[in-house]
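Colleague: I would like to learn how to read a model like this one. Could we take the features one at a time?

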Amino acid sequence: MQTQRFDIQGASCQGCVRKIRQALDPVAGVDDVQVDLDAQQVTVTGTPDSADVQAALAKAGYAAEDKQQTAPSSPASTDQEQQLAITGATCAACVRTIENALRNTPGVTQAQMNFADRTARVSGSADSQALIDAVEKAGYGASPLDDSDDGNAREEQEQQHYRRLLRHMWLGLGLGVPLMAWGLLGGDMMVRPGEASQWVWLGIGLLTLAVLATAGRHFFVGAWKAFRNHNANMDTLIALGTGAAWLYSMAVVLIPAALPEAARHVYFEASAMIIGLINLGQALEVRARGKTSAAVKRLLDLGAKTARVVRDGKEQDIPVDQVQTDDILRVRPGEKIAVDGIVEEGESRLDESMLTGEPMPVSKSAGDTVSAGTLNEGGTLLYRATAVGKDTALSRIVALVKKAQGSKPPIGRLADDVSAVFVPTIMLIAVVAALAWFNLGPEPRITHMLISATTVLIIACPCALGLATPMSIMVGVGKAAEHGILIREGDALQTSSKLDTIVLDKTGTITEGKPALTEILCAEGQQEDTLLQLAASLESGSEHPLARAIVEAAEQRELTPDRADNFQALNGKGVSATLDGKQYRLGNRRWLESEGITVSLNSDSLTERGATPLFLAEDNSLLGILGVADRIKEDSREAIARLKDQGLTVVMITGDIQASADAIAKQVGVDQVMAEVLPEDKAKKVQSLQEEGRIVAMVGDGINDAPALAQADVGFAIGTGTDVAIESAAITLMGGSLHGVADAMAISSATVRNIKQNLFGAFIYNSLGVPVAAGVLYPLTGSLLSPVIAGAAMSLSSVTVVSNANRLRLFKTQRDKR
Amino acid sequence: MTLLINLAGLLLMVGIVWWFWLSKSTTQSQPVSDQGTTIVVADGVYNPATLRARAGETLTLHFDRQDPSPCAEQVVFHGLDVSEFLETGTITTVTLNNPPAGEYRFTCQMQMYQGRLIVS
């Protein structure tokens, strides 16, 4: 038994499905036929000959093609590429129809449609009008696409929505305000049977219906659709509230005699006012919401739209999504790097602040990596693409931030549970309130029933509750991303605000992670540059990190190493070589002393500062000592002080021997040192701190420290945008500074505080508002809350939540404050 | 009359509980096809709102957001740690990699849009 798939065309309904089954059933070997209308595909189970199946399908009028035959042709045949915006495509089947229509156009070599963004990319010599005609003939719409229109179109759509809401607000308030004013100024809101006013109220009732049907239409449509799905949402509450007020008023107008005289009051103004006010609230919310996602929009805008690619010696600008890995690209001054890559040629400085938060431009030359979205300030660079599209660091960051913005810390989950059952519960409360007024309340009972139920429905605001956490997270995570702090999950935000101990890996976290020459001690009569040149000549053949530090230092001082002979590297001792007939040795003290060289210089000052001393000897006499150390980052000390100010115990963890660990610890001012810890034991050390009851953060470079980062309550990967780091740590700092850790913790605390304010506000609002609306204050005040006031309060409550979350945008990091 | 109104109120309450909670699990669900299923986001509901899928498969969901109000701007899959921003006027594809068997809610941020994904 086997299955085969065949593409079909033109099958659109169950009738087609039947026809296809009838056509295929008689084909020899066919056991079962499944038709997927969405995918325009037939799956045949059994052992039929594929040619027979195709013939049967063709005969039935659904021109079938074997799947392989429809595979797009090679992109090599491209001579011109065009993009079209497609309209009217609603399902996957449309994609195939449109692609086929385009492919059948003379001159087209390849056509592919992206269903996700409804664009089609067409290669070949066909002109755009022919393509548009072909798509239109197939029953869809098409227009040439200009990339830069995307953002503007989105904004235009938002604007349109905003203007529509305002129009609806004016409609509602235009009728509601005069009516309410009439009532407040002593006008008669009662219906008196047989009087002319009854006819006037009937007219006003119909006008109100018109407002409900236009300005309030979306609430009613939404409520009905949700109801059919066994769901209830905010629309349900508004539709029920305003609908009940209108129906009651209409009943008063049409059959006043059926109600007690005191209950013949109309509430058309409430329906119209509520619709107007809630539209106003939504309009304000649209405005405020636009700002909450500003950070992601800014990140998205960082990406370059086009890239200048060098192919076959010619340079051309192409859309950035057509760049392939290993393409050579040119970036000129003032342009953005289009994709991630490695510099092949040229020198320049790149502003990477958008990714790392580091304000200083970074020098780039051949061999250095460059990241998409960073800005080229100085010269021209030629670079080779290493990651394109979704694989660039920028795209991954955007994806990560978007994902984190949708996650929720535990604190928000209670609100989630409440939100899920909120609306039906409010409906129950409204009925209970109405029954209570009917059975226990004073006259006019019917009126009180209506007002209390309507007001309960209108005042309850599920939005404020639902928005409380996500809005703050969205702004907080976005704000952090702007400063090069990537928060991977909502949980990390909450835990970060509760930390009491922070473990810092020494190498690469407190220090640069790269040994460098720090000091040269000369024997009498010797010059620093001479010693450095000699040392570099000895080390130029070595790959040891200490050797590289010496060679780099010599290069910085523009010293050229001489060619040494008889080079020998002695593991754990040092190197020796001959130069101009003399033997030179560079290595540790013990080795030189064992070779009979008297070490007359004192190296204690170097070890005290955490440097490794390298002794240089010419034949049997010592020339000097070179101190090589992993330099402490400039701002480590200050950042550690900040962490301590935030009430944290700062622990340094390192594989170094106790003495040099202590030396570094003293310089940067940590509280506790864990020295001589093997990389694989770091996680255990973190665990032992946790067992003491501490809430521990671990900061490391994310590569060797992955297990420790994962063990910690919150892992911070520092100074790197590598996959390993991002995957293993809850929070990734794109920049290298430890200030990022302090900033991340400050941002987390601010966000969690903001969430708490929002949740508190939303819970208090609802738990006070609903009972007041139900009338618990009636014994004190002698009146019920007006549904109009409930409408105003409700429309303001979600705006308040969004605006409070927006306050987080004002958060300033240490660097901003300076 | 009093009895009638009280009875009506009680029936209404029973109706609310039954319709929004008890009978929810019997709503019709739509299987997620291999090519992906398009979910229209409009008028406060996801359509289809209940999806069915087999465990161990990668699910592709195409969200077609037609509602411009900010409520609809994000879809969150609870329990799967997946969320996506939806643009209006375009289709946003959400891919779920092998979700384990279980029932997952997918909602907008405020949980006004509500859907269910049943993986079995």
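Modeller: Start with a definition: buried means under 20% relative accessible area. One caution is that this model is predicted. By that cut-off, B:Tyr46 and B:Tyr113 are both buried.

Colleague: How are the rings of B:Tyr46 and B:Tyr113 arranged as an aromatic pair?

Modeller: Their pair is tilted, with 5.2 Å from centre to centre and 50 degrees between the planes. B:Tyr46 belongs to strand β3 (residues 45–47) of chain B, while B:Tyr113 is in the loop between β9 (102–107) and β10 (114–119) of chain B, so the pair ties together parts that are 67 residues apart in sequence.

Colleague: What kind of pair do B:Phe63 and B:Phe77 form?

Modeller: Planes over 60 degrees apart count as edge-to-face. The ring planes of B:Phe63 and B:Phe77 are at 75 degrees, with the centres 6.3 Å apart, so this pair is edge-to-face. Strand β5 (residues 59–65) of chain B holds B:Phe63 and strand β6 (residues 74–77) of chain B holds B:Phe77, so the pair ties together parts that are 14 residues apart in sequence. Both B:Phe63 and B:Phe77 are buried.

Colleague: How many aromatic pairs does a search of the whole structure find?

Modeller: Over all chains, the search finds 13 aromatic pairs. Ring pairs also link residues into a cluster, made up of A:Trp224, A:Phe227, B:Trp18, B:Trp19 and B:Phe20.

Colleague: Which rings have the charged end of an arginine over them?

Modeller: One is the ring of A:Tyr162, where the charged end of A:Arg287 sits 3.9 Å from the ring centre. Another is the ring of A:Phe438, with the charged end of A:Arg445 over it at 4.7 Å from the centre.

Colleague: Now helices. What describes two packed helices?

Modeller: The angle between their axes and the distance between the axes describe them. In chain A, helix α9 (residues 268–292) packs with helix α15 (residues 462–482) at an angle of about 40 degrees, and the axes are 9 Å apart. The two helices, α9(A) and α15(A), are therefore oblique to each other.

Colleague: Which residues make that contact between α9(A) and α15(A)?

Modeller: From α9(A) come A:Glu285, A:Arg289 and A:Thr292; from α15(A) come A:Leu467, A:Met471, A:Met474 and A:Val475. By type, the residues of this contact are four nonpolar, one polar and two charged.

Colleague: What should I know about the backbone before looking for exceptions?

Modeller: Most residues other than glycine have a negative phi, and most peptide bonds are trans. Against that background, the peptide bond from A:Glu443 to A:Pro444 is cis, with omega near -10 degrees. A:Pro444 is placed in the loop between α13 (413–440) and α14 (445–459) of chain A. In chain B, a cis peptide bond joins B:Asn47 and B:Pro48, with omega about 0 degrees. The loop between β3 and β4 (50–53) of chain B contains B:Pro48.

Colleague: Which residues other than glycine have a positive phi?

Modeller: Two cases are A:His230, with phi near 60 degrees, and A:Glu676, with phi near 55 degrees. A:His230 is in the loop between α7 (217–228) and α8 (234–254) of chain A, and it counts as buried at 8% relative accessibility. A:Glu676 is in the loop between β27 (672–674) and α24 (682–691) of chain A.

Colleague: How far apart are A:Thr455 and A:Ala774 in sequence and in space?

Modeller: They are 319 residues apart in sequence and 7.1 Å apart in space, C-alpha to C-alpha. A:Thr455 lies in helix α14 of chain A and counts as buried at 0% relative accessibility. Not counting residues up to four places away in sequence, A:Thr455 touches A:Ala773, A:Leu785, A:Ser786, A:Pro787 and A:Ala790.

Colleague: Is A:Pro515 buried or partly exposed?

Modeller: With a relative accessible area of 24%, A:Pro515 is partly exposed. Its place is in strand β20 (residues 511–522) of chain A. A:Pro515 and A:Pro545 are 6.7 Å apart in space, C-alpha to C-alpha, and 30 residues apart in sequence.

Colleague: And A:Lys506, which helix is it found in?

Modeller: A:Lys506 is in helix α17 (residues 506–510) of chain A. At 6% relative accessibility, A:Lys506 counts as buried. Beyond residues up to four places away in sequence, its contacts include A:Thr511, A:Asp630 and A:Asp656.

Technical notes
Residues numbered from 1 in each chain as written. Chains lettered and ligands numbered in written order. Predicted model: local features only at pLDDT ≥ 70, side-chain atom pairs only at ≥ 80, totals over all residues. Heavy atoms only, no water. Axes fitted to C-alpha atoms, helices over the stretch in contact; angles between N-to-C directions. Helix = DSSP H or I, 4+ residues; strand = E, 2+ residues; numbered from the N terminus. Parallel < 35°, antiparallel > 145°, perpendicular 65-115°, else oblique. Contact = heavy atoms within 4.5 Å. Nonpolar A, V, L, I, M, F, W, Y, C, P; charged D, E, K, R; others polar. Phe/Tyr/Trp six-rings, centres within 6.5 Å; stacked < 30°, edge-to-face > 60°. Buried < 20%, exposed > 50% of the residue type's maximum accessible area, 1.4 Å probe, protein only. Lys NZ or Arg CZ within 6 Å of the ring centre and 35° of its normal.
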